[in-house]
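Me: Got a model here I'd like to talk through. Can you start with the disulfide side of things?

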Amino acid sequence: MAQTTMAAIAIALVVGVLGFALWYTQQHPRHIVGYGTVQVRSERAGGGTSTHQTRRIAINAAEFQEVEMPNGTWIDCGGDCARAVRDAGDGFWDKQQRDRR
């Protein structure tokens, strides 16, 4: 196949995937089901505890939980909101070192 044909196919595929994603998000918008809080104890020496807001989100009958970081960003809990806060905050670089080994 010619390079122009391959490029056209690749562009059409990308546009198709983006179009489907846009359509899906419009058909199944996110709904906030509820709020809560989680207390997180730092794993660092001398670190204290912090309280973070959590929320349950529903998308097309699937529910998952998010936690709010101190900068206002909401991240997925992945089953354990306290661990998600530690991994994204204090423990981010420690986790990067562990994953490299």
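Reply: A disulfide here is a pair of cysteine sulfur atoms within 2.5 Å. The structure holds 1 disulfide. This is a predicted model, where local features need pLDDT of at least 70, side-chain atom pairs count only at pLDDT 80 or more, and totals for chains, interfaces and linings use all residues. Residues are numbered from 1 along each chain as its sequence is written, and side-chain values use heavy atoms, with hydrogens and water left out.

Me: Which cysteines does the disulfide join?

Reply: C77 and C81, with S to S at 1.9 Å. The link is right-handed, with 95° about the S-S bond.

Me: Are C77 and C81 buried or exposed?

Reply: Both are buried (under 20% relative accessible area with a 1.4 Å probe, protein chains only; exposed is over 50%, partly exposed in between).

Me: What's in the largest nonpolar core?

Reply: 9 residues: V38, V40, V67, M69, C77, C81, A82, A84 and V85. Such a core is a set of buried Ala, Val, Leu, Ile, Met, Phe, Trp, Tyr and Cys residues joined through side-chain atoms within 4.5 Å.

Me: Which element gives the largest share of this core?

Reply: α2, with 4 residues.

Me: Switching to H52. Where is H52 found?

Reply: In strand β2, residues 49-59 (strands are DSSP E runs of at least two residues, helices H or I runs of at least four, numbered from the N terminus). H52 is buried, at 8% relative accessible area.

Me: What does H52 touch?

Reply: Leaving out residues up to four places away in sequence, H52 touches residues including V38, V40, V67, M69 and V85, where contact means heavy atoms within 4.5 Å.
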